[in-house]
Amino acid sequence: MQNQKTENSNSLSLWTILVTFLKIGAFTFGGGYAILPVIKREIVENRKWVNDNVFSDILIITQGMPGQLALNSSIQIGVRLRGTLGGITAAMGVTIPSFLILLTIAAYLYPLIRDNIYMEAVFYGIRPAVVALIATAAIKMGRTILHGWNGIILCAVLLVTAIITGVHPILILLIGGLAGLVVCKGACKQ
Amino acid sequence: MEIALLFTLFISFFRIGLFTIGGGYAMIPLMEAEVITVHGWMNSSEFLDIIAVAEMTPGPVSINAATFIGYTTGGLLGSMFATLGVISPSLILILLLSRLLMKVIQNPSATSFLNGLRSGLIALILLASFTLGQSAVIDLPSALIFAALLIGSVLTKISPLYFIAAGATLGLILFPY
């Protein structure tokens with residue numbers, strides 16, 4: 001399935017791929033679900049590098065695999081355009097703007113504003129906002145993912161396990177996955 | 001800069017990247033565990049500040065957070081190792097193991113495994129909002145900000161950016177100066 005797009009792959013320079021993904025990385029706010037529509041518009045609609053079906057395939061693979069959504073789909077598009085080098089180039093494209101911007105903030109801006117009383121007030125309000133967003137993520141994910149009692153009970157059991165034992169989240173995820181093999185056979189299908 | 005610290009940063013963020021499944025805030029519980037609980041690189045308030053900055057700046061949130069946390073922990077090299085760590089699992093899986101990955105994802109057992117894992121993920125994100133909330137919801141005004149924005153964000157589909165901006169504005173007004 002990597003060879004579907006070989007017709008135009010050799011005509012695309014790595015530089016073009018890099019610049020395209022640099023632009024996507026530098027001008028898109030708000031993480032994976034905000035970036036995906038921008039990637040689609042740029043890659044599928046404007047540049048027509050991959051078609052709609054290929055893009056849907058990429059999204060399906062991306063949602064079932066580890067890693068950042070925007071990064072994963074960019075790498076896969078890069079691979080389809082120019083193989084391994086294309087994948088690495090696309091990854092660099094989406095990562096470099098983040099890296100440079102956050103490096104500048106962490107190194108120069110944050111130390112300047114950290115001890116300011118008004119910035120303290122701003123972050124005093126931002127912290128509960130971020131916690132509200134995290135809680136919302138759990139609630140909205142629960143609504144779309146936890147269908148049927150199996151999923152809900154498993155979620156409750158894992159929550160209690162995590163609170164009581166305090167084990168590393170990775171262990172909870174793995175226990176959940178293994179339990180899913182038994183209790184989620186189709187029953188808690190999305 | 002100690003090489004051991006750089007290596008630890010890389011491995012920590014590699015783990016975070018490897019077990020963040022589904023994007024969004026899936027990386028929050030893992031990052032919280034690695035950065036606060038396991039390594040004690042910062043406290044909950046600093047962590048929340050960084051997540052807020054990572055959300056407000058362009059680009060993927062977990063890459064932004066990796067760069068910031070890497071810098072505060074290990075300087076320039078620290079930010080490079082943390083960032084490389086968080087993107088490496090994706091690169092390795094797609095570039096080297098894509099055939100295997102396709103086979104695994106198409107297997108029906110993988111769907112059951114992922115569904116169970118997602119149940120765990122929801123539990124972890126919920127728990128993270130409680131543990132992180134303890135350093136954010138500290139008095140009546142911050143509790144009001146939390147409640148108002150929680151209701152707003154559950155009921156609407158407005159971009160997270162607006163809620164952070166609202167939080168900042170309310171903070172300026174309600175902060176006990």
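**Entry 1. H5(A) against H8(B)**

I started with the axes of H5(A) and H8(B), which come within 7 Å and cross at roughly 135°. The axes are lines fitted to C-alpha atoms, for helices over the stretch in contact, and the angles run from 0 to 180 degrees between N-to-C directions. H5(A) and H8(B) are therefore oblique to each other. For the term I noted that angles under 35 degrees count as roughly parallel, over 145 as roughly antiparallel, 65 to 115 as roughly perpendicular and the rest as oblique. H5(A) passes H8(B) in a right-handed crossing. A crossing is right-handed if the near helix is turned clockwise from the far one by less than a right angle, and left-handed if anticlockwise.

I listed the residues that make the contact: H5(A) gives, among them, A:Tyr118, A:Phe123, A:Tyr124 and A:Leu133, and H8(B) gives residues including B:Pro160, B:Phe163, B:Ile164 and B:Leu174. Two residues are in contact if their C-beta atoms, placed from the backbone, lie within 7 Å. By class, the contact of H5(A) with H8(B) has 19 nonpolar, four polar and no charged residues. Here Ala, Val, Leu, Ile, Met, Phe, Trp, Tyr, Cys and Pro count as nonpolar, Asp, Glu, Lys and Arg as charged, and the others, Gly among them, as polar.

**Entry 2. Ground rules**

I noted that this is a predicted model, in which local features need pLDDT of at least 70, side-chain atom pairs count only at pLDDT 80 or more, and totals for chains, interfaces and linings use all residues. Residues are numbered from 1 along each chain as its sequence is written, while chains are lettered from A and ligands numbered from 1 in the order in which they are written.

**Entry 3. The two chains**

I looked up the secondary structure of chain A and found seven helices and zero strands. Chain B has eight helices and zero strands. Helices (H or I, at least four residues) and strands (E, at least two) are DSSP runs, numbered from the N terminus.

Of the 190 residues in chain A, 44% are buried; of the 177 in chain B, the share is 57%. A residue is buried if 20 or more other C-beta atoms lie within 10 Å of its own, exposed if 12 or fewer, and partly exposed in between.

In chain A, 59% of the contacts with a separation of 6 or more join residues 24 or more positions apart. For chain B I have 57% joining residues at least 24 apart, among contacts between residues at least 6 apart in sequence. The C-alpha trace of chain B spans about 55 × 45 × 25 Å along its principal axes.

Chain A is divided into domain 1 (6-113) and domain 2 (117-183), with bounds from an automatic or database domain assignment. The C-alpha centres of these two domains of chain A lie 28 Å apart.

**Entry 4. The contact between the chains**

I looked up how many residues take part, and the contact takes 90 residues from chain B and 89 residues from chain A. Helices H1 (3-19), H2 (27-38), H3 (44-56), H4 (61-96), H5 (98-106), H6 (108-136), H7 (140-155) and H8 (160-174) of chain B each supply at least two residues of its side. H6(B) gives the most, with 23 residues. The side of chain B that touches chain A has 57 nonpolar, 29 polar and four charged residues.

**Entry 5. H7(A) against H6(B)**

Next I took helix H7 (residues 169-183) of chain A, which packs on H6(B) at an angle of about 135°, with the axes 6 Å apart. That makes H7(A) oblique to H6(B). The crossing of H7(A) and H6(B) is right-handed. The contact includes A:Pro169, A:Ile172 and A:Val183 of H7(A) and B:Ser109, B:Phe113 and B:Leu124 of H6(B).

**Entry 6. Two residues of chain A**

A:Ile134 is found in helix H5 (residues 117-145) of chain A. A:Ile134 is buried, because 27 other C-beta atoms lie within 10 Å. Leaving out residues up to four places away in sequence, A:Ile134 touches B:Tyr25, B:Ile28, B:Ile125, B:Ala128, B:Ser129 and B:Leu132.

A:Leu103 lies in helix H4 (residues 69-113) of chain A. A:Leu103 counts as partly exposed, because it has 18 C-beta neighbours inside 10 Å.
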